[in-house]
Every structure is written in C-alpha cells, then in structure tokens.
There are 4 protein chains.
Amino acid sequence: MRKRIRDFGVEIGELSPGWSNAITDVAGVRVGHTTLMVGEGRLLPGQGPVRTGVTVILPHGDNLFEQKVPAAVFTINGYGKATGFEQVRELGTLEAPVALTNTLNVGLVLDALVGHAIRENPELGIQTSSVNVVVGETNDGYLNDLQGRHVRQEHVLAAIASASDGMVQQGSLGAGAGTMCFGWKGGIGTASRIVPGTSGDFIVGALVQTNFGRRRDLIIRGIPVGRLLKDAPVVESAETGDKGSVMIVLATDAPLESRQLQRLASRANAGLARTGCMLGAESGDFVVVFSTAERILRDQPENIVSRLSIGNEARVMDGLFRAVIECVEEAVLDSLFCAETVIGRDGHVGIALPVDEVMDWINRMVI
Amino acid sequence: MRKRIRDFGVEIGELSPGWSNAITDVAGVRVGHTTLMVGEGRLLPGQGPVRTGVTVILPHGDNLFEQKVPAAVFTINGYGKATGFEQVRELGTLEAPVALTNTLNVGLVLDALVGHAIRENPELGIQTSSVNVVVGETNDGYLNDLQGRHVRQEHVLAAIASASDGMVQQGSLGAGAGTMCFGWKGGIGTASRIVPGTSGDFIVGALVQTNFGRRRDLIIRGIPVGRLLKDAPVVESAETGDKGSVMIVLATDAPLESRQLQRLASRANAGLARTGCMLGAESGDFVVVFSTAERILRDQPENIVSRLSIGNEARVMDGLFRAVIECVEEAVLDSLFCAETVIGRDGHVGIALPVDEVMDWINRMVI
Amino acid sequence: MRKRIRDFGVEIGELSPGWSNAITDVAGVRVGHTTLMVGEGRLLPGQGPVRTGVTVILPHGDNLFEQKVPAAVFTINGYGKATGFEQVRELGTLEAPVALTNTLNVGLVLDALVGHAIRENPELGIQTSSVNVVVGETNDGYLNDLQGRHVRQEHVLAAIASASDGMVQQGSLGAGAGTMCFGWKGGIGTASRIVPGTSGDFIVGALVQTNFGRRRDLIIRGIPVGRLLKDAPVVESAETGDKGSVMIVLATDAPLESRQLQRLASRANAGLARTGCMLGAESGDFVVVFSTAERILRDQPENIVSRLSIGNEARVMDGLFRAVIECVEEAVLDSLFCAETVIGRDGHVGIALPVDEVMDWINRMVI
Amino acid sequence: MRKRIRDFGVEIGELSPGWSNAITDVAGVRVGHTTLMVGEGRLLPGQGPVRTGVTVILPHGDNLFEQKVPAAVFTINGYGKATGFEQVRELGTLEAPVALTNTLNVGLVLDALVGHAIRENPELGIQTSSVNVVVGETNDGYLNDLQGRHVRQEHVLAAIASASDGMVQQGSLGAGAGTMCFGWKGGIGTASRIVPGTSGDFIVGALVQTNFGRRRDLIIRGIPVGRLLKDAPVVESAETGDKGSVMIVLATDAPLESRQLQRLASRANAGLARTGCMLGAESGDFVVVFSTAERILRDQPENIVSRLSIGNEARVMDGLFRAVIECVEEAVLDSLFCAETVIGRDGHVGIALPVDEVMDWINRMVI
C-alpha cells in the first residue's frame, strides 16, 4: 500500500482535513469500487487486456430515489460523455448513486444503475416517474481494451454493495484502474477539509478520477516536479491516443441549495490548476456536487417545505470555496501518490509516480 | 381610458385573475411610470420628438438593498442590452427596483438606480458591497428620438416615488410610450392569475413592455386577428429600423428558490407564442422573475437560515407554469388593447389596435 | 394508413413545406424506426406487454464519426435523461446518429450506438478519441413495460440499417409506439418548410416524439379542439403516472455555426406552445439541431478551415426561425393525426385522435 | 517606472511572449487609459478623494459598429455588474470598445460608450439597430470615493482617443488606479504569448484589472510569496468592505468562432488560480474575449459569408488554451509588479508590492 502525500508530511492548503481525509468524511457518504484487471499482452479489441473498473459514490445509505439530495453539476470542458446533467440542472437533485467508469462503458453502467434503482423501487416507472442517473467517465484506452466495455451490471452492483464509509482506497483501482495522469499512473484520489463556521463546522470532500496532463506540467505545492523529474521514465500523454479527462465529485454537509452547490463546483478547476492542469482541448472535465444536509423526499403531498440554507454573504462561503480548491488539489496528488504501476494492453505501462524522487525535490524546496 | 380585453368578456386561459388582474396582485409589488411625450414633427437627433419613458417594478415597498428577494432571469433572445443578469444568476436575488426603458437609455437609467440605492443606503460601497441593478429595454426608435436618451435621473426617481400597488396603468405610457407591437401601438400590459394549492392559493403576475411582431402574425385566443384585419391601416415592423423586443417581469408570492423561479421564467415565451410572436432574430426578449414570499436580509450574521420552498414534484408547479403562460399572453394583449394612438418623430404613427373590429372578429369566432 | 393533417387541406403557418413535408426533405437526412409491439394484457414488469421502439435520425449516409456535422442542443425542460448534450455544447458537432427511445432504455440504446460506431470505425478509442452519442427519450410507461428496457442492440442496428430518405412513417411506431399526447395516442411526427433566401432556398425539417399534454389544452390552428371534443373518450395524462415529454430533432441545410443552430433550437417551444403545450413541470423537453451544409472532418491535419456561415443580421434568419416554429407545430399535429389506437399494458388504451370530429370543428371554425 | 516581472528574469510558463508582452501584440488591438487621482484625506461621499479611472480596449482602430469582431464572454463568478454579456452570447460579436471602470460607474461609462457609438454612426438607432456595450468593473472603494462615480463621458472619450497599440502602461492607472490585489496595490496588467501552429503562429493577449485576494494566498511561480512576506505591511482585503473582483480581457488573431472563443475564456481562471486566487464568494470575475482574424460587417446584403475557423481537434487549440493561462497568470503578476503605492480616501494606503523582497524569495527558490 502506497502512502498518501500527507503521510510524507506535505500539507496542501491551510484548512485541516477531516478524519479520513476523504469524501467519506462527509457523514453518510459511501464509496465503492470494482476493479477489473484481466489478461495481458496484445490488444484484442473486445477481449482485453482489461484495465478498468467502476467507482460509485453514494450520498447516503438509504434509498436515493425516495430520499434525493440537493445537487449541482458543472462542466469545465464538455468534451466528454457524462450523463444525467440536464435533470440535475433542472431539478437540483441527485436520485441515484454517482458512477465513474471508462468512456465507452457509460451506456452499460447507466443501464446497470437503472436496474439497481428498479430493484430498490419496484414501482419505478409504473407508479412513479423515471430515474435520472449520473455517470462520469474518462478514457483509459492507453492501458485498457476500451472497446470491450468490460464493466457490466454485476460489477456496478458489486461496487454499490461494497460501498462503505470510512477510509477510501485510492490509486489504480475502480474507475481509476487504467487511467494516466501527468504521464504517470493516475487513478482515484480523495481528500476532505473542515470549514469552521460560526455555528459549527462544515465538511467538504472530493473524489477524483484523474486521467489528464503532460509530465512537464505537474506541480506539487508550487514546485515544478514534472520538469524536475526530467530524466524519469514517463509516458507523455501527447503520445497517447487521447488527451484524457478528469471527473470530480464533491460532497458537503453544508446546507446549500442547488445554485450554491453549483458555485462550489465552479471552483474545482482552481484546484486542478494548482496541480499544473492546463485544461487541454480534448479533456472532458466535469464536476458533480451534492449536499447531505437535507433530503428531498419524493412526491411529498404538501406543497411547501422548510429548507435550511446558508446566506450568500455568509463568511463561511469563502471557506467552502477554499475547501473545494484544496480538496481537489490534494485528491489529484493523492491519485498519483497512491497509484501503483500498471502494465496494460500492448505492453503500455502506466508507471507509478517515483515518490522518493518527488519527495527529494519537495523536501529540498518547500519552505 | 381604453378598456382591457377582459372588459369585453374575453377570457384568456382557464385560471382566474387576481383582484386587479395585474402584477400588483402579488402583495407588496408596486409599479410606477414616468412618461415623456414632448415635441412633434421632424426628428432632430438628441432633441426630439420624445416618445419614451421609464417603468419601474418594486418587489416591495421597503429598502430592497437591505431586504433582497429571491429572483431569476431568463434570456429568450439575447439580442438586447438588459443589465444586471449575471449577478442575479450567481446570487439568485434582486436588490433594486427593476426598470424598463428605451434601448439607448440603459446606462443613464442604471446610473439613476445606483443613485437611488445610494440615497437609501448612505453606506453603500463604503461599508457595504456595491449594488446590482436590473434594467430592461426595447427599441422605441420608430416613434421616439432614441439618440436623445431623454430618460434622466429625475424621471427614474419620479417613477419610483409614484410607484403604487393596486391598479396598474397600461398602454402607451412609461417604458411603453413609444413602442410598437404587431404593427399597432404597443406598450405596457399586465395580468395576474390565482393558482390554487392544497395549502392555500398563490398569485402570479406579469408585466410586459411590448415592442415586437408583424401585423399578420397577431393571434387572439387562437383567432388570426392579424390576417383578418388585412385592410386596417398598420405599420409593418418590417419597415421600421429595428425588429423590437419584449421585456417580461414576473412576480409571485409562491416560495420558490432561484432555480425554480428560473423554471417559471423559461415558460414565458409560450405565452408570447400564443399571441403569434415568432421570436424574430433581432428581438431582444428577456424575463425577470422574483418571489415575494421571503426576504433575504443583507449581511446576516448567522450562517444558516431557514427558507420555505415548494417541492419540485408538488402538483402546484404545473399551475404556476400555466399561470405564467396565461399572464404573459393576456398582458401582451392588454398592452395592445390599452394603447392609444401615438404620433411620433417624422410623422410616424403608432396606430391603436382597432378594438371594435377586433371584437367583431372575436365575437364571431370564439366558441 | 391514416392521413396527415395537410391531407385534409389544413395548412399550418405561411411557409411552404418541402417535397415530403418531412425532416428528410433536408437532403441526406435519413430516418429509421424499429417498433416493438409484443404481448398483451397485464403488466409483468420486465416481460411485457411491449409497446415501445427506437427511432434514429442520421444527418447523412456516410460515416458520421469521420464526417461530423455542425450541431447544437437546447433544453426546454431538463426533467429528462437525454445524453450527449455536454459535448455538443462544447464542440458544436454531432458524430453519431441521434436516437429516440423510452426513458429507461437510454443506457442500452447509448451502448448500441457506441457499438455501431466501433463497427464503422474499428480504431475508435484505440487510435482515435471516444465517440459522443445523443439519445433522447420520453416515458411510454402508460402503455409499455418500461422496466423491461426491451430495445436492444439489434433493434437499434435494424433502425439504422433501415433508415432512408424520402417519406417518413409517422404515428404509433418507433420511439412513438407507446407515447401519449394531449390524452390521445401520440407518436412520431415530422414536417418541413422551405425558407426563401436571396441566394437560394433553405430547408428546415423537424421530427418529434410526442408524449405530453392534457386533452383540454390541445389547440389546432388556434381552435381549442381539446375543449371542443369534451365528450370524446380520452386519457387525461393527469391520471397517468408520468407527465410525459417531447423530443424535437431539427435539421437544416442552411450553413449555420453551432451558436446559430442553438438559436434555431430555442425557437422550437414556440411551435409547441401553438399546439397548446403548457410545458408541464415533469415533462422533459429537449431539442437537437444539426446542419447538413458542411461536414467537419475528424482530425484534420491543417489548422484552419473555411466555413460557410449566414450573417447574424441576414434577413433569412427570421425565416429560419419561423420555419422551426411551423415545422414543430405541424409535426406535433401530424403525430396525433397519424397515430393509430394502441392497447397496451393492463388494458390501458391510447386512443387515436378522432380525426373526423376534429375536422368537423376545424372546417367549421377555420377562416 | 516600475519594472515588469519579466524584467527581473522571471519567466511565467513555457510559451514566448510577443514583442511588447501585451494584449496589443495582437495586431490592431489598442488600449487607452484615463486616470483620475484628485483630492486627499477624508472621504466626502460624492466629492472625493478620487482614485479611479477607465481603461478601454479596442479590437481594431476602425468603426466597430460597422466592423464587428467575433467574441465571447465567460462568467467565473457572477457577483458583479458587467454589462452587454447577453448580446455577446446570442450573436457572438463585439461592436464597441470594451471599457473597464469602477463598480458604481458602470451606468455612466455605458452611456458614454453609447454616445461614442452615436458620434461614429449618426444613423445609429435611426436607420440601424441599437448598439451593445460591454463594460466591466471592480470595486475600488477602499481607496476611491466610489459613490462619486467620477468617471464621466469626457474621460471615456479621452481614453478612446488616446488608445494606441504598442506598449501598454500597467499598474496604478486607468481602471486600476484604485484597485487592490492580494493586499497590495493592484491595477492593470497585461501579457501575451506566441502559439506556434503548423501554418503560422498565432498570438494571444490578456489585459486584467486586478482587485482581489488576501496577502497570504499570493503565489509567484509556485512560491508562496504571500506567506513568506509575512512581516511586510499589507492590507488584508478581509478587512475592507468588499472582496474585490477581476476583469479579464483576452484577444487573439486566431480565427475562432464564438463557441471556440468561449472555450478560451473558460481557461482564464486557471491562470488566476496559479497566482493563488481563491475565487472568493463576493468577487465578480468576468472574461471577455475577441478574435481579430475576421471582421463581421454590419447588415451584409448577402446571406452567406465564408469564415475561417480552426478545427476543434487541431493541435493548436491546446496551445491557445495554454497561452490564455500563461497570459492571465503573468498579467496578474505584472499588475502587482508595476503598481505604485497609492494613498486614498481616509488615509487608506494601497502599498506597492515590495518587489525587492519578492525577488529575494524568488531568486532563492526558483530552480
């Protein structure tokens, strides 16, 4: 098990992380992974090798279709295939687990989540309305047999079944099994921040699926690590077939309405930028954010409900924005720190970030 | 005083109007006009003749900067110069009176509203933040000396000072003094609807500044009145210098958050369509909507407030949408029914809708 | 075969339709349907009865991934599950057939289109980037076993294989097999308009999947047919489990960039409004639009290409907008006129519009 | 005259700047300032002291209303009062100089630009349509008598008259006369980058009006200068009445349509983030971008024009995005490096960045 960046004594930002420094520090949030690593050698399209998976994020452990949560989405770069965004924009709610996977697998994962919702809600689409499903993706085709769409219903259901709060596994697993970041092996990363408020603290958490960037752009705490590691073996993403993407899921227990959650989401790319992300033209970068502070019950008979909300001008908004930026920055770095080397199709290698060398530079440079 | 369409026994839609059938039926809402009709004859750019004005809509009679209201905006066709939309989108609030005027006068009216906000809040911009001002406009240059920008600070302040609840004057006055609609004289129109809910009724009101359309497109209750009045003298807007626009202000006492108010606003163009509006390429069509159900106090010390809200799936949402469509349809028609003939620059004539002929057709056709 | 509304001598709007009065009048556009009508009687979720299908619209008959077309999307009401919108917004292109289906089937249809793109482009996701797929949907659960997701890969491929230009079948087939509109049987409708320009004519076409509305709101050419047919047997959608939706696909041969195509798309709801559509809260209403005037080749080596474009202020823009409104209005009406009665699950009946009675009223009323 | 950051040998990013390292490196672009620094001592609202101004950016030296340029806008944080955005979104063009000023002065500056357009186009609003004006702003009330709205028509016209290509003056002048950035004196900054393409180079330029940030967040080339300068006298913006904002104007000679320009604009905040900007809740952050590659003639008789465009997948898009990020980062830093100390109202001091100390740290840390 590789260590997280904070295990090396490196702090990102000024806010304190939560207990697990993970999106699951937001009470109730659960994360589950299914990792598919099968076969080796030459790519046989549709057969393998398989280096992919699915990661699910559940706002709470109850029936999400019955107990929706306030949510928002934000598209940094729309060159991607994320689903479910239109309804989140219109209704401001999330009503199913969020799933991340590979880009060509979106349809099957979407269908699997529909199946899951039907199982939990046998009247779905009969007595009730349909269900909206948010699926995000990046292109793991450098290592993975992308055309095979190997993530099937059973893998999605297994990820949901295994989802738990507490520590979140990071690196080369789940939807991050086959992804590349800054020319090294990327994957899943997560982080959290505590935001002090006058009437109690709030928590913000982020989970990212990283699959973007050129080596020489990588920055860690301001240090141009990418350029400094110029002799390290690396895969320039410029040489790969696609430019990758990043999916960002944010959670908070602050009581925010959808419009305010979207403000949080729009800050995520500042966190990316602090790692050296240059927002490439062909990178689909999306943010999904939800609040666990309240649940919006389906089909309430009464017309009017009372909702908690933070005022636009509350000082704590600045803290929440800062927390988003810090979480995203650290989550991206942890996806690199925690990812193991993965050898994929056609002998393509996703090399693990050489953490010792990186720490040499950081220790030399950080004040 | 010309009669409203409903005074002729013509009902638009199926919901009942409020007491005044005006935006002021939403308790607290006030409307004020200043009408500028000066000079005659040939256009002397910058001097006259003047056929313009300003109409202000106040969500309540108190200090709006201190007691903001939830709000949203919606752009049907962005070929226009409306101001203040970015902040309403970001913060979901309105913090100054909404003003409507002519297109080149937006800057001076905006400045006048800033002056008004400073007068009411002497610490504005010193101890507090700046103020956001929503100004809408249409192009009344067919009748008016547009370049003269004749609406000045005193006219805006007079409109605010005279703003009142109760009956709203309609037709060729205020921001509608010089506008044209479907080739006849347009102007200000208003209407309201009562929306029955399980826990009490809500009110929706609309006020429009109409300045769009070709004669032959006009439809009243489905009857192609424009084509039927083919021998009536009329000004084809195709012959005028600009294609006009429509500004729509909506108010409701239903407790809706900004996202939901935007949903209401997005329904307004269905009301326009039912009058025959074909959404011309050069027509700037904008909607501003606010709720009076709650006030959002500036700079609240506490972080969390409780807000009332209607659930997305509450049945009453359909009623509110229907009310918007009906209000907008009737308000446009009333702007035509109430507008008197206005002779403007260069002998241009804005001919009043020939109501008797129109009613002949309607009485013959309506079932 | 039921007759179209125009076969009864009823003209909608003032522009002339193209040769087939169908979206396929835009040269190159192809439409294909697969209709699934299997089983009868009581709903056995997952088994049937099946009353659904898929309709595909292809901008041209060549490889769409290699030869993309300029495109845009517009969301009238985002309460729906349409996919692929983010990338169309970002890149302004369509690169796969557009498919319409039932709401829970979106995942499988999306996956089928990915499979189709892989078959046509064996290097997809290996040497090239991923593919973006636009799928639209409405909820046909009143008649159909929605949970069964009966539209499978073979059905999508069959629809594509059978897609042709020329006449388009309308009514209760393809994605419209199980839909309801204004309380009667809805389905697929299409129409087209010729827009005269100074340098030649343009064509605009629309295809709709109608699944919305209450009986008493239906308007045909301004006549409140819905209220007039008050004794006709009908299904009030208010009594059904869902409020339905409408999907609108627009095509044109006018050379428009994505931003301008979006302007066209935003006019579609005026066409809906003219049929009495009240844009219900729970109706997902989406528009997809593309131009066939130019093809955007994938991965062009050169940086700069020359593109044709219509100026913002060209008079023909008004004509294109008008054409959109007229096409959508007529396509909705044709979906009703052409739909046959369909008996679905649990004995639910989608009754065909009683055209004779409707025409009685129209003939009596239209001037 | 203070030196720019690059004069100290500090390079930002990897692309080369243009000749002047200014937005005016984009051929034809002109910049003009009017600076108002009048009075001293205690704030007398409406009278002074005055520490403000206006900066104008002209895409070319000809009549902009007659020869519009492709343009786009992007709102990072809509808590601001920028005008003219709706029409740029709808039509994709800029048709007047862009002006930057203080937040309460937007109305008068807008009106002055309308006056300027009328003077250049005597038929404006008579034979032609109205004119759309883009004005940006930040709140300079910490130093300036904001309520006075001291920027009048003559100041705007003087800025336009003095606008020139070549070197751009930076720091405490024009719209940056009274602004604060990271607790030090901010102001106007600019930079440019050359983007190599296969068929020739493109230029991207940025001009910023900086008025945001807390001291301890400032980062220069990754070095946390803000925290390192912990003993330097500084004004924490947290103590001032407003949180400030940043206006960003981008120019390029690359032939991009509006949709693509918006993609450029959406990258600007990554440049901000690299300076330590944390995108505070109350900071209105806006981007305006235009291309000089082509001019869009008003009211062209012909319908179809040929437009140059870069393909979505052209490799040069990544370079253009990188250029935006680097330009914005350097322009913000130059606004700090070039700004002189300004003493404003009530003895408030905008202290110039202690460049020697900063360079000590940078020289010690940069590799």
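Colleague: How much area do chain D and chain B bury between them?

Modeller: About 3,600 Å², with 53% of it on carbon and sulfur atoms. Keep in mind that this is a predicted model.

Colleague: Which three residues of chain D supply more of that area than any other three?

Modeller: They are D:Glu86, D:Ile126 and D:Gln147, which supply 17% of the area that chain D buries against chain B.

Colleague: And how many residues are in contact there, chain D with chain B?

Modeller: 46 residues of chain D are in contact with 46 residues of chain B.

Colleague: Now the other contact. What do chain C and chain D bury between them?

Modeller: About 2,700 Å², and 42% of that is on carbon and sulfur atoms. In chain C, the residues that lose the most area to chain D are C:Asn303, C:Ile304 and C:Glu313, together 25% of what that side buries. The contact takes 34 residues from each of the two, chain C and chain D.

Colleague: What rotation superposes chain C on chain D?

Modeller: A rotation of 180°, with 0.0 Å of shift along its axis, and the RMSD is 0.0 Å. That is the relation of a two-fold axis. The same surface serves both copies, since 100% of the contact residues of chain C recur in chain D.

Colleague: Which residue of chain C comes closest to the rotation axis?

Modeller: C:Arg307, whose C-alpha is at 2.5 Å from the axis.

Colleague: Changing topic: in what order do the strands of the open sheet in chain D run?

Modeller: The order is S1-S2-S5-S6, four strands with mixed pairing. S1 (30-38) and S6 (135-138) of chain D are the edge strands, each pairing on one side only. Neighbouring strands are turned by 15° against each other on average, direction ignored.

Colleague: Take S2 and S5 of chain D: is their pairing parallel or antiparallel?

Modeller: Antiparallel, over three bridges between S2 (residues 50-58) and S5 (residues 98-102) of chain D. D:Val56 stands opposite D:Ala99 in S5(D).

Colleague: Which helix packs on that sheet?

Modeller: Helix H3 (residues 153-162) of chain D, which touches S1 and S2 of chain D. The direction of H3 makes about 140° with that of S1(D).

Colleague: One more, over in chain A. Why is H2(A) largely enclosed by the rest of the structure?

Modeller: Because 13 of its 15 residues are buried. Helix H2 of chain A covers residues 106-120 and reaches 21 Å from its first C-alpha to its last, close to the 21 Å expected at 1.5 Å a residue.

Methods:
Residues numbered from 1 in each chain as written. Chains lettered and ligands numbered in written order. Predicted model: local features only at pLDDT ≥ 70, side-chain atom pairs only at ≥ 80, totals over all residues. Heavy atoms only, no water. Least-squares fit on C-alpha atoms with pLDDT ≥ 70 in both. Contact = heavy atoms within 4.5 Å. Helix = DSSP H or I, 4+ residues; strand = E, 2+ residues; numbered from the N terminus. Expected span 1.5 Å × (residues − 1). Buried < 20%, exposed > 50% of the residue type's maximum accessible area, 1.4 Å probe, protein only. Pairing = 2+ DSSP bridges. Axes fitted to C-alpha atoms, helices over the stretch in contact; angles between N-to-C directions. Buried area = accessible area lost by both parts, 1.4 Å probe.
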